[in-house]
Amino acid sequence: MKTRITELFGIQHPVIQGGMHFVGFAEMAAAVSNAGGLGLITGLTQRSPELLAKEIARCREMTDKPFGVNLTFLPAVTPPDYPGYVQAIIEGGVKIVETAGNNPAKWLPILKENGIKVIHKCTSVRHSLKAEQIGCDAVSVDGFECGGHPGEDDVGNWVLLPRAAEELKIPFVASGGVANGRQLAAALAMGADGVNMGTRFIATKEAPVHENVKQALVAASELDTRLIMRPLRNTERVLNNAAVERLLAKEKEMGANISFADIAEEVAGVYPRIMIDGEMDAGGWSCGMVAGLIHDIPTCKALIEGMVADAEQIIRGRLAAVL
Ligand SMILES: Cc1cc2nc3c(=O)[nH]c(=O)nc-3n(C[C@H](O)[C@H](O)[C@H](O)COP(=O)(O)O)c2cc1C
């Protein structure tokens, strides 16, 4: 398949692996890139710019294909060392950055000066247009189904993607809820130039996470995610578990009076315990409704090539045949 996204990033298949905290290590990014997609290292999972530089170097040893780095701008009182992370990306020779969480305008000049392509992840048409206006090269349009932070507008991809197609000039990928070739074909039909997947890539052989996490995704249905932190306007879609139920009970009880401190036990610092140790009830962890479409644990190569082959077959066969 050849789309504006494969051309922009110099990749074989229009499939991107979105940044994922404590999943997006070098092993994950390299596996996706080696399979012809675009793998992304998650910048902030590395506790310092020095560690990110090492992770980039490790990834380069595992693949000679293009890969990128996700930089998430968090609402934080003491922000991470963003200038240091950007420097590590530039010095590491990385040419693709996925930004998310907040407007990346401040970082665009230095990224552009260094020949880096920027794809910004947005959950609304409004923010996508802003990204286009400030000079981003592409956007990842993340619908309400998505794992992680869907924003506060609650517009699903069935409307969000064609709306993005109406407004945007730069290429965009469909993000949120994607797991198979049927959806890749649908995304292309709705005006996207490819797809971005998070949750689906966790249930792959190469994903560097505990086996319990992969099994939890295979076992889960599309009804098993919950939205947490809505009262804090920092909504996150997570897989339901004992900690999430405890957190939701607190939200119900405390209403608008709730603060981050009240739920810190269920969300702060829980990722290593879940992703590395496999403690599945340690806290809330991002997971999309797409869990309902995950039934196996393939290699990244089998997953991506299977998706592309299925999409091709649908376009050439079923869709062409209805005309
Ligand atoms: C476990 C997990 C962690 C994530 N961490 C981040 C992150 O640190 N930064 C970010 O921009 N997006 C993060 N995301 C969102 C993904 O990059 C992607 O946008 C999302 O998963 C797409 O929806 P899907 O899971 O339905 O495919 C995360 C998603 C998951 C499932």
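Analyst: Let us start at the ligand. Strand E3 (67-72), strand E8 (195-197) and helix H9 (199-202) each give at least two residues to the shell around the ligand. Keep in mind that this is a predicted model.

User: How many residues surround the ligand, and which are the closest?

Analyst: The shell has 29 residues. Gly 18, Ala 100, Gly 147, Gly 198 and Gly 288 are the closest.

User: How do the shell residues divide by class?

Analyst: They split into 9 nonpolar, 16 polar and 4 charged. Gly counts as polar in this scheme.

User: Now the sheet. What is the strand order, and what is the sense of the pairing?

Analyst: The order is E1-E8-E7-E6-E5-E4-E3-E2, with 8 strands in an open sheet. The pairing is parallel. From one strand to the next, the twist averages 30 degrees.

User: What makes E1 and E2 edge strands?

Analyst: Strand E1 (15-17) and strand E2 (39-42) each pair on one side only.

User: Why do E4 and E5 count as paired?

Analyst: Pairing requires at least two bridges. Strand E4 (residues 96-100) and strand E5 (residues 117-122) have 4, in the parallel sense. Glu 98, for instance, has Ile 119 in E5 as its bridge partner.

User: How do you know that E6 and E7 pair?

Analyst: The test is the same cut-off of at least two bridges. Strand E6 (residues 138-142) is joined to E7 by 4 bridges, and the two run parallel. Val 139 stands opposite Phe 172 in E7.

User: What makes both faces of E7 covered?

Analyst: Strand E7 (residues 172-175) has buried residues on each side. Phe 172 and Ala 174 are on one side, Val 173 and Ser 175 on the other. Buried here requires 20 or more other C-beta atoms within 10 Å.

User: Why is H2 called largely enclosed?

Analyst: Because 7 of its 9 residues are buried, H2 is largely enclosed by the rest of the structure. The buried ones are Ala 26, Met 28, Ala 29, Ala 30, Ala 31, Val 32 and Ser 33.

User: What covers the buried residues of H2?

Analyst: The cover includes E1, E2, helix H3 (49-62), E3, H9 and helix H14 (300-321). Helix H2 (residues 26-34) lies across E1, E2 and E3, at about 170 degrees to E2. Just after H2, Gly 36 takes a positive phi of about 95 degrees.

User: Which strands does H6 lie across?

Analyst: H6 lies across E5, E6 and E7, and runs at about 165 degrees to E5.

User: How do H6 and H7 pack, and what is the handedness of their crossing?

Analyst: Helix H6 (residues 125-134) and helix H7 (residues 157-167) pack at about 35 degrees, with axes 10 Å apart. The crossing is right-handed. Val 125, Ser 128 and Leu 129 in H6 meet Arg 163, Ala 164 and Glu 167 in H7. By class, that contact has 3 nonpolar, 1 polar and 2 charged residues.

User: Why is Asp 310 called partly exposed?

Analyst: Asp 310 has 16 other C-beta atoms within 10 Å. Buried needs 20 or more, and exposed needs 12 or fewer. The count of 16 falls in between, so Asp 310 is partly exposed.

User: Where is Asp 310, and which residues is it in contact with beyond its sequence neighbours?

Analyst: Asp 310 is in helix H14. Leaving aside neighbours within four places in sequence, Asp 310 is in contact with Asn 180, Gly 181 and Arg 182. Asp 310 and Gly 36 are 274 residues apart in sequence and 16 Å apart in space, C-alpha to C-alpha.

Definitions and conventions. Residues are numbered from 1 along each chain as its sequence is written. This is a predicted model: local features need pLDDT of at least 70, side-chain atom pairs count only at pLDDT 80 or more; totals for chains, interfaces and linings use all residues. Axes are lines fitted to C-alpha atoms, for helices over the stretch in contact, and angles run from 0 to 180 degrees between N-to-C directions. A crossing is left-handed if the near helix is turned anticlockwise from the far one by less than a right angle, and right-handed if clockwise. Two residues are in contact if their C-beta atoms, placed from the backbone, lie within 7 Å. A residue is near a molecule or strand if its C-beta atom, placed from the backbone, lies within 6 Å of it.
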